[in-house]
Amino acid sequence: MYAKCGNVENARQVFDKMPKRDVVSWSAMIAGYSQNDNGHEALVLFNQMQQAGVKPDHIIFVCILSACSHAGLVDEGWRLFDCMSRDYSITPRVGHYACLVDLLGRAGRLQQAHDFIKRMPLQPDSRVWGALLGACRIHNNIELGECVAKQLFDLNTKDAGHYILLSNIYAAAGKWHDAAKVVSMMKDKGLKKTPGYSVIEVERTVHTFLSGDRSHPQSQKIYAMLETLSAQMETAGYVPNVNDVLHDVEEKVKEHILYGHSERLAIAFGLINTSPGTTIQITKNLRVCGDCHSATKFISKIVRRKIIVRDAYRFHHFKDGFCSCGDYW
């Protein structure tokens, strides 16, 4: 529970006080480290589990492979994948293959990941191909992205996110016509894009913000706070990354769009409505964009606060201008 709320320190305290730990306890703690950007500590704990004589199961290998993926620990991930069958007689399942594809893809080893899929003894599903398509988006590989998307579409995927990923790959390359065609294809299949939103809880009340949202009662104060922060960020060296705005519009319009992203609105609201020094914690339903990630690092240093952002994949702990992910996510 603590780890899923971004408080891995308290989670570890509870874990250490347990009189007896089974494989479920170890996997929960390892997963907690994985979700909170501490892959190295997850590996240490996995080794301690082995030394304690606890035999890992297929679930714990998903947790530790995911931890390696988020931390960029490619060699360690390969070693663990190999030891599943060699040391523990655990036959890798599709989920384990998806983790390894994600590991290779995030590290930029796209062709190696693709070749790995081709050699799979199991039929790759949407998790496997989706992991590689996500990596193609991160590294802007159009050619492989088209190939992977075709595999997903042949599986008759009902996930609109796969169409959005391919559309974004095209948009990032300035291929607006191709991007529009993919979105049209998605709509023809009756699929809808999930709008991005961010949530923050203050005094037991949940506040939800959409991108460019001006419906909140404190909207005027929120945008005034963002204007103040933007000026301070610019002085500190922040430069907007307009490449994260995948719309065919002018540069200034792109900057304005970034300015109103939902996570920034939620952070500004938190700054207004909490005491100085209080940790701000928000949740976003999608992957945080690169520019908002950079902006939140600047904000954490300017306001001298810890800011925790839980996006669709993991927790980001921002403090003093740095993020726990080390800019690898």
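Contact here means heavy atoms within 4.5 Å, and the views below are taken from a predicted model.

**View 1. Helix H14 packs against helix H15.** Helix H14, which spans residues 262-273, and helix H15, which spans residues 290-303, have axes 11 Å apart and pack at an angle of about 15 degrees. Because angles under 35 degrees count as roughly parallel, H14 and H15 are described as roughly parallel to each other. The crossing in which H14 passes H15 is right-handed. On the H14 side the residues that meet the partner helix are Glu263, Arg264, Ile267 and Leu271, and on the H15 side they are Asp291, Cys292, Ala295, Thr296, Ile299 and Val303. By residue class, the contact of H14 with H15 is made up of 6 nonpolar, 3 charged and 1 polar.

**View 2. The largest nonpolar core of the model holds 67 residues.** Within this core, the members that touch the most other members are Ile30, Phe46, Phe61, Ile64, Leu80, Val101 and Leu132. Helix H6, residues 94-106, supplies the largest share of the core, with 8 residues. For Leu80, once neighbours within four places in sequence are left aside, the residues in contact are Leu43, Phe46, Phe61, Ile64, Leu65 and Cys68. Another core, of 29 residues, lies apart from the largest one, and its members include Tyr238, Ile267, Cys289 and Trp329.

**View 3. Ser300 is a buried residue of helix H15.** The relative accessible area of Ser300 is 0%, and since buried means under 20%, Ser300 is classed as buried. Leaving aside neighbours within four places in sequence, the residues in contact with Ser300 are Arg305, Ile307, Phe318, Lys319, Asp320, Gly321 and Phe322.

**View 4. Asp37 has a positive phi in the loop between helices H2 and H3.** Most residues other than glycine have a negative phi. The loop in which Asp37 lies runs between helix H2 (23-35) and helix H3 (39-51). With a relative accessible area of 12%, Asp37 is buried.

**View 5. Asp327 also has a positive phi, in the segment after strand E6.** The phi of Asp327, again a residue other than glycine, is near 65 degrees. Strand E6 comprises residues 322-323, and Asp327 is placed in the segment after this strand. The relative accessibility of Asp327 is 43%, so Asp327 counts as partly exposed.

Key. Residues are numbered from 1 along each chain as its sequence is written. This is a predicted model: local features need pLDDT of at least 70, side-chain atom pairs count only at pLDDT 80 or more; totals for chains, interfaces and linings use all residues. Side-chain values use heavy atoms; hydrogens and water are left out. Axes are lines fitted to C-alpha atoms, for helices over the stretch in contact, and angles run from 0 to 180 degrees between N-to-C directions. Helices (H or I, at least four residues) and strands (E, at least two) are DSSP runs, numbered from the N terminus. Angles under 35 degrees count as roughly parallel, over 145 as roughly antiparallel, 65 to 115 as roughly perpendicular and the rest as oblique. A crossing is left-handed if the near helix is turned anticlockwise from the far one by less than a right angle, and right-handed if clockwise. Ala, Val, Leu, Ile, Met, Phe, Trp, Tyr, Cys and Pro count as nonpolar, Asp, Glu, Lys and Arg as charged, and the others, Gly among them, as polar. A nonpolar core is a set of buried Ala, Val, Leu, Ile, Met, Phe, Trp, Tyr and Cys residues joined through side-chain atoms within 4.5 Å. Buried means under 20% relative accessible area, exposed over 50%, partly exposed in between (1.4 Å probe, protein chains only).
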